[in-house]
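Subject: Structure handover

Hello,

I am passing a structure on to you.

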Amino acid sequence: YGREMRRVLEAQGIETEGLLVQDQGWSTHVYTKAMQGDSELNRVDFGNYNTLAPDTGAELLGRLEALLPELDCVIVNQQVRWGIHTEDFRRALVALIRRHPDKSFVADSRAHSNDLGGTLRKLNDREAAALCGREIAPDGEVSAEAAREAGLSLFSRWGRPVVLTRGEHG
């Protein structure tokens with residue numbers, strides 16, 4: 001999947017020189033959603049159980065830090081449990097963020113929002129409610145008031161802006 005991603009990017013004229021390849025313990029994460037008529041079925045994921053090698057993580061952060069003077073914003077995305085977002089990587093990333101307080105970092109993290117200090121966090125209402133200790137049933141909704149309270153609580157906790165999405169509620 002990684003080779004195909006590189007091929008597609010290059011075919012579109014997108015620079016790929018900065019892509020890192022980890023030869024062991026890594027399979028590029030991709031997913032697909034099967035369709036039944038006009039309805040999406042459950043997604044099927046590949047590459048979910050990756051293990052980031054410490055030298056790969058250090059190389060990635062080193063390259064990012066070298067590029068920071070050219071960047072306006074860095075988006076940190078974590079959607080799957082396994083991958084680059086190991087505890088050591090998150091700790092080193094936060095140290096990098098602290099060294100560059102003039103740069104904007106935005107984090108969209110399913111599982112590690114509390115660990116990404118110095119970022120503007122984007123999370124959904126269910127993630128925010130859970131971080132504030134609220135139990136939400138799998139089929140339950142977060143009310144507008146509960147989402148607002150969670151957002152304000154997280155803003156107070158983190159001292160940084162929080163963006164909450166509410167699915168079909170905006």
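Here is what was found in it, starting with the whole chain and ending with single residues.

This is a predicted model: local features need pLDDT of at least 70, side-chain atom pairs count only at pLDDT 80 or more, and totals for chains, interfaces and linings use all residues. Residues are numbered from 1 along each chain as its sequence is written, and side-chain values use heavy atoms, with hydrogens and water left out.

**Overall layout**

The protein chain has five helices and six strands. Both are DSSP runs, numbered from the N terminus: helices are H or I with at least four residues, strands are E with at least two. Their order along the sequence is α-β-β-α-β-α-β-β-α-α-β. The C-alpha trace spans about 50 × 45 × 30 Å along its principal axes.

Of the 170 residues, 29% are buried. Buried means under 20% relative accessible area, exposed means over 50%, and partly exposed lies in between (1.4 Å probe, protein chains only). The accessible surface of the chain is about 11300 Å². Carbon and sulfur atoms account for 51% of that surface. These areas come from the Shrake-Rupley method with a 1.4 Å probe; for residues, only the protein chains shown count as cover.

Take contacts between residues at least 6 apart in sequence: 52% of them join residues at least 24 apart. A contact means heavy atoms within 4.5 Å.

**Charges**

There are 21 positive and 26 negative side chains. Lys and Arg count as positive, Asp and Glu as negative; His and the chain ends are not counted. The centres of the two sets lie 4 Å apart. Each charge is placed at NZ of Lys, CZ of Arg, CG of Asp or CD of Glu.

**Cores**

A nonpolar core is a set of buried Ala, Val, Leu, Ile, Met, Phe, Trp, Tyr and Cys residues joined through side-chain atoms within 4.5 Å. In soluble globular proteins, nonpolar side chains tend to be buried together.

The largest core here has 13 residues, and Leu 64 and Leu 93 touch the most other members. Helix H2 (54–67), strand S3 (73–78), helix H3 (87–99) and strand S4 (104–109) each supply at least two of its residues. H3 gives the most, with four.

Look at Leu 93. Leaving aside neighbours within four places in sequence, Leu 93 contacts Leu 61, Leu 64, Val 76 and Leu 116. A second, separate core has five residues, among them Leu 123, Ala 150, Leu 154 and Trp 158.

Leu 96 also sits in helix H3. Is Leu 96 buried or exposed? Leu 96 is buried, at 1% relative accessibility. Beyond its neighbours within four places, Leu 96 contacts Leu 61, Leu 64, Glu 65, Leu 68 and Phe 105.

**Aromatic pairs**

Rings of Phe, Tyr and Trp (its six-membered ring) pair if their centres lie within 6.5 Å; planes under 30 degrees apart are stacked, over 60 edge-to-face, and the rest tilted. The whole structure holds two such pairs.

Tyr 1 and Phe 46 form a tilted pair, 5.7 Å centre to centre with 40° between the planes. Tyr 1 lies in the segment before helix H1 (2–11) and Phe 46 in strand S2 (residues 39–46), 45 residues apart. Tyr 1 is exposed at 52%. Phe 46 is partly exposed at 37%.

Tyr 49 and Trp 82 have ring centres 4.8 Å apart and planes at 45°, so this pair is tilted. Tyr 49 is in the loop between S2 and H2, and Trp 82 in the loop between S3 and H3, 33 residues apart. Tyr 49 is exposed at 63%. Trp 82 is partly exposed at 46%.

Best wishes
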